[in-house]
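Here is a short report on one protein model. Keep the sequence and the 3D view open while you read.

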Amino acid sequence: MRVAKISLEQIEATYKRDEGLHQQGVISKEDYETSLANYKKAQEEAENAQDALEIIREGISRKSASSSTTQVRSTITGMILDVPIKVGNSVIQSNTFNDGTTIASVADMNDMIFKGKVDETEVGRIHEGMPIKLTVGALDSRVFDAVLEYVAPKGVEENGAVMFEIKTAATIPEDAFIRAGYSANAEIVLKRAAGVLAIPESCVEFSGDSTFV
């Protein structure tokens, strides 16, 4: 930075001298424009040297605060779930040869997704858009509303059974805080009967082949 400032001072003096000579008609316009270009280049080099020094000292420069390579910006606004690296670890940016270093995992906790699996004997009876009730065991078995958004077109064999992955969009009320990774159960109503007379099972008596209430 000091060398750049010394060069700038020298070129600035030359530029001011050439400017005065050009106004007097001693030097041509071409020579004056060359001197002006050298002066602007020296100014830019001095500013770049200042930025480099600020990046080393502060980690970011005032001039390139929005595009500095030392500042990593999250692509979304959300909660930090995990920081897998520590101070002093080496990090690299993503390129064509590798995925780069994950600095932090960030998620929008207001937009939660439930992932589950359905057996092949029942996957044919469900479809996108069906209402679902989610029960989260960690929250005293609290029930949340959800909507089925995705049913995997391909199943995966697990323990001798073919399972299909499903994804549902959960509606989380403001008074509930759900952490990523909670276990939950999804209840899907496949059939419904309305207006059916029902009685407690304890009121039914069996005598031979007959049933009495």
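Is Met109 buried or exposed? At 12% relative accessibility, Met109 counts as buried (buried means under 20% relative accessible area, exposed over 50%, and partly exposed in between, with a 1.4 Å probe and protein chains only).

## Basis of the model

This is a predicted model, in which local features need pLDDT of at least 70, side-chain atom pairs count only at pLDDT 80 or more, and totals for chains, interfaces and linings use all residues. Residues are numbered from 1 along each chain as its sequence is written, and side-chain values use heavy atoms, with hydrogens and water left out.

## Met109 and its surroundings

Met109 sits in the loop that joins strand E2 (105–107) to strand E3 (113–119). Helices (H or I, at least four residues) and strands (E, at least two) are DSSP runs, numbered from the N terminus. Leaving aside residues up to four places away in sequence, Met109 touches Met79, Leu81, Ile178, Arg179 and Ala180. Contact means heavy atoms within 4.5 Å.

Take Ile178 from that list. Met109 and Ile178 are 69 residues apart in sequence, yet their C-alpha atoms are 7.6 Å apart. Now set Glu122 against Ile178. These two are 56 residues apart along the chain, and 28 Å separates their C-alpha atoms. Glu122 belongs to helix H3 (residues 120–123). Its relative accessible area is 39%, so Glu122 is partly exposed.

## The H1–H2 pair

Helix H1 (residues 2–24) packs with helix H2 (residues 29–58) at an angle of about 155°, and their axes are 9 Å apart. Axes are lines fitted to C-alpha atoms, for helices over the stretch in contact, and angles run from 0 to 180 degrees between N-to-C directions. That angle makes H1 roughly antiparallel to H2 (over 145 degrees; under 35 counts as roughly parallel, 65 to 115 as roughly perpendicular and the rest as oblique). The crossing of H1 and H2 is left-handed, meaning that the near helix is turned anticlockwise from the far one by less than a right angle.

On the H1 side, the contact includes Ala4, Leu8, Ile11 and Tyr15. On the H2 side, Tyr32, Leu36, Tyr39 and Ala42 are among the residues involved. The contact residues divide into 10 nonpolar, five polar and five charged. Here Ala, Val, Leu, Ile, Met, Phe, Trp, Tyr, Cys and Pro count as nonpolar, Asp, Glu, Lys and Arg as charged, and the others, Gly among them, as polar.

## Each helix in turn

H1 has 23 residues, which should span 33 Å at 1.5 Å a residue; its end C-alpha atoms are 34 Å apart, which agrees. The expected span is 1.5 Å times one less than the number of residues. Ala4, Leu8, Tyr15 and Asp18 are buried in H1, and H2 is part of what covers them. Just after H1 comes Gly25, with a positive phi of about 80°.

H2 has 30 residues and reaches 43 Å from first C-alpha to last, close to the expected 44 Å. Its buried residues include Ser35, Ala46, Asp51 and Glu54. The buried residues of H2 pack against H1. Gly59 follows H2, and its phi is positive, near 90°.

Most residues other than glycine have a negative phi. Asn159 has a positive phi, near 55°. Asn159 lies in the loop between strand E6 (156–158) and strand E7 (161–170). With a relative accessible area of 84%, Asn159 is exposed.
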